[in-house]
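The sequence and structure are shown below.

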Amino acid sequence: ELRDEVRLERKRACEFEQAAKDAEIIGKESLDSSLRKLHQDVARLETCNQELRDEVRLERKRACEFEQAAKDAEIIGKESLDSSLRKLHQDVARLETCNQELRDEV
């Protein structure tokens, strides 16, 4: 009876040892799977990060182009206004001359 009990305990010990090995393997596989998923997530986030950096760089470039276009438009607008003012001054001078000639005639 004692031998049977020892045999049963040995059998239980072997089963426990096998269960521990199985749990270790399953745990390792689970960790490996988690690590692979984490690496995939990191790669995905790095890709997203690079895409966002590219978008920011493009938006900064567009902002600079827009700012330059606004400055150019301001310069062109100022030049156009200056030209219009010169023309108006010329028209005023011409009209004053005509007005003076008309006075002289009268």
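What is the relative accessible area of Arg 94, and is the residue buried or partly exposed? Arg 94 has a relative accessible area of 47% and is partly exposed. The model discussed here is predicted.

## Arg 94 and its partner

Arg 94 forms a salt bridge with Asp 91, and the closest N and O atoms lie 4.0 Å apart. The two residues are three positions apart in helix H1, so about one helical turn separates Arg 94 from Asp 91. Asp 91 is itself partly exposed, at 23% relative accessible area.

Salt bridges with shared partners also link Lys 37, Asp 41 and Arg 44 into one network.

## Further salt bridges

In total, the structure holds twelve salt bridges. Among them is the pair of Glu 17 and Lys 21, with 3.6 Å between the closest N and O atoms. These residues are four apart in helix H1 (residues 2-105), which means that about one helical turn lies between Glu 17 and Lys 21. Glu 17 is partly exposed at 45% relative accessibility, and Lys 21 is partly exposed at 42%.

Another salt bridge joins Lys 71 to Glu 67, the closest N and O atoms being 3.6 Å apart. Lys 71 and Glu 67 are four residues apart in helix H1, so they too are separated by about one helical turn. Lys 71 is partly exposed, with a relative accessible area of 43%, while Glu 67 is partly exposed at 44%.

## Cysteines

The count of disulfides is zero. Cys 64 counts as exposed at 51% relative accessibility, whereas Cys 98 counts as partly exposed at 33%.

Conventions. Residues are numbered from 1 along each chain as its sequence is written. This is a predicted model: local features need pLDDT of at least 70, side-chain atom pairs count only at pLDDT 80 or more; totals for chains, interfaces and linings use all residues. Side-chain values use heavy atoms; hydrogens and water are left out. A disulfide is a pair of cysteine sulfur atoms within 2.5 Å. Buried means under 20% relative accessible area, exposed over 50%, partly exposed in between (1.4 Å probe, protein chains only). A salt bridge is a side-chain nitrogen of Lys or Arg within 4 Å of a carboxyl oxygen of Asp or Glu.
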